[in-house]
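Hi,

Here is the structure I promised to pass on. Have a look at it first, and then read my notes below.

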Amino acid sequence: MEPFRYRIPFRAQGIVPGAHPGTQRGPGMEFRGYTPLPSAPDPRRFDVAASLRDPLGRVMVRVYTQRGAVPIRVLADVSASMGFSGRSRKMDLLADFTESLALAAHRAGDPLAFIGCDGDVREDLQIGPTRSKAAGPLLAAKLRKVAPTGRSADGLHRAARELSPARSLVFLVSDFHFPLERLADLLAALARHAVVPVVLWDSAEGTPPRYGIARLLDPETGRQRMLLLRPALARRLEQAVAARADALRACCARFGAAPLFIVDRFDADAVTRYFYG
């Protein structure tokens, strides 16, 4: 599994060294200014010019900002709709994404936590925070064995409310087949953090055959419906999928976020382009 590269849209605020621009003074390469030697007792940073300019005749040293670590959090929907399997299996997409993210976080020195949710927070699908390199493959293997049965993804809201207040990068992973009002509530609860909504879709959901009889099943309610497929209905379903994607983008934009769509297969390079493209 190849890791993708992510970018943190804020400065690391903790004291733990890491890979991201921070706010703490310490060893680093980002120049911060000058200060008298007693307040930063490191003679190696002595600056002759700054000392000669100081009107009080103090010995001045250069100070720098150290790079820091940022907590990475995954809030994942594992409700029944995530059990869909078409051109791919959504839980496999979730496993691939999580494994790649775990490796990326390990390389950056960031602690990673994972919380799986359906109608409630799944105690058996929680990890972290951890910097262990083995956490990603172990969690991915566990996710591949999960057979989702939950009737809703309401546990995401509890997880969002109970998330640590330390500012973090949160990946909210779901197929988002629930009302947009619920998504808006989620994003509002996570407003303190930088949020990346990760949309896991399968193209088989929105590209039905042009002709035939289809039995539609809502995995979370158990409701079934028979449809006589025809070209006009197929076009309407395709348009509905496109409209849903636009609605997701609009809802996320209200909270300063942009959804990351992963359809059919996970591509680490595509995720990196999301952050750096």
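**Starting from F114**

F114 is found in strand β5, one of the DSSP runs that I number from the N terminus (helices are H or I of at least four residues, strands are E of at least two). This is a predicted model, so to speak of local features I need pLDDT of at least 70, and side-chain atom pairs count only at pLDDT 80 or more, while totals for chains, interfaces and linings use all residues. Residues are numbered from 1 along each chain as its sequence is written, and side-chain values use heavy atoms, with hydrogens and water left out.

Is F114 buried or exposed? At 1% relative accessibility, F114 counts as buried; the cut-offs are under 20% relative accessible area for buried, over 50% for exposed and partly exposed in between, with a 1.4 Å probe and protein chains only. Leaving aside residues up to four places away in sequence, F114 touches V74, A76, L94, T98, L125, Q126, I127, L139 and L143, where a contact means heavy atoms within 4.5 Å. F114 and G128 sit 14 residues apart in sequence, and their C-alpha atoms are 6.5 Å apart in space. P129 itself belongs to strand β6 (residues 121-130).

**The whole chain**

Stepping back, the protein has seven helices and eleven strands. Its radius of gyration is 24 Å, well over the 19 Å that the globule rule gives for 277 residues, so the protein is more spread out than a compact globule. That radius is taken over C-alpha atoms, and the rule is 2.2 Å times the number of residues to the power 0.38. Along the principal axes, the C-alpha trace spans about 90 × 35 × 30 Å.

Of the 277 residues, 47% count as buried. Of the contacts between residues at least 6 apart in sequence, 73% join residues at least 24 apart. The accessible surface comes to about 14400 Å², and 55% of that belongs to carbon and sulfur atoms; areas come from the Shrake-Rupley method with a 1.4 Å probe, and for residues only the protein chains shown count as cover.

Nonpolar side chains tend to be buried together in soluble globular proteins. Which residues have the most contacts inside the largest nonpolar core? They are F4, Y6, F97 and F171, in a core of 41 residues. By nonpolar core I mean a set of buried Ala, Val, Leu, Ile, Met, Phe, Trp, Tyr and Cys residues joined through side-chain atoms within 4.5 Å. Elements that each supply at least two residues of this core include β4 (72-77), β5 (112-117), α3 (135-144) and β8 (194-201). The biggest giver is α2, with ten residues. F97 touches F4, F171, V173, V198, L260, I262 and F266, again not counting residues up to four places away in sequence. A second, separate core has 26 residues, among them V170, F176, A245 and A257.

F176 has a phi near 55°, a positive value in a residue other than glycine. You will find F176 in the loop between β7 and α5 (180-189), and it is buried, with a relative accessible area of 2%. D264 also has a positive phi, of about 75°, although it is not a glycine. D264 lies in the loop between β11 and α7 and is partly exposed, with a relative accessible area of 22%.

**Two more spots to check**

D47 is in the loop between β2 (25-36) and α1 (48-53). This aspartate is buried, with a relative accessible area of 11%. What does D47 touch, not counting residues up to four places away in sequence? The answer is Y34, M60, V61 and R62. Between D47 and R62, 15 residues apart along the chain, the C-alpha separation is 6.4 Å.

L227 is in strand β10 (residues 224-229) and is buried too, at a relative accessible area of 16%. Its C-alpha lies 6.4 Å from that of R215, twelve residues away in sequence. With residues up to four places away in sequence left out, L227 touches G212, I213, A214, L216 and L233.

Cheers
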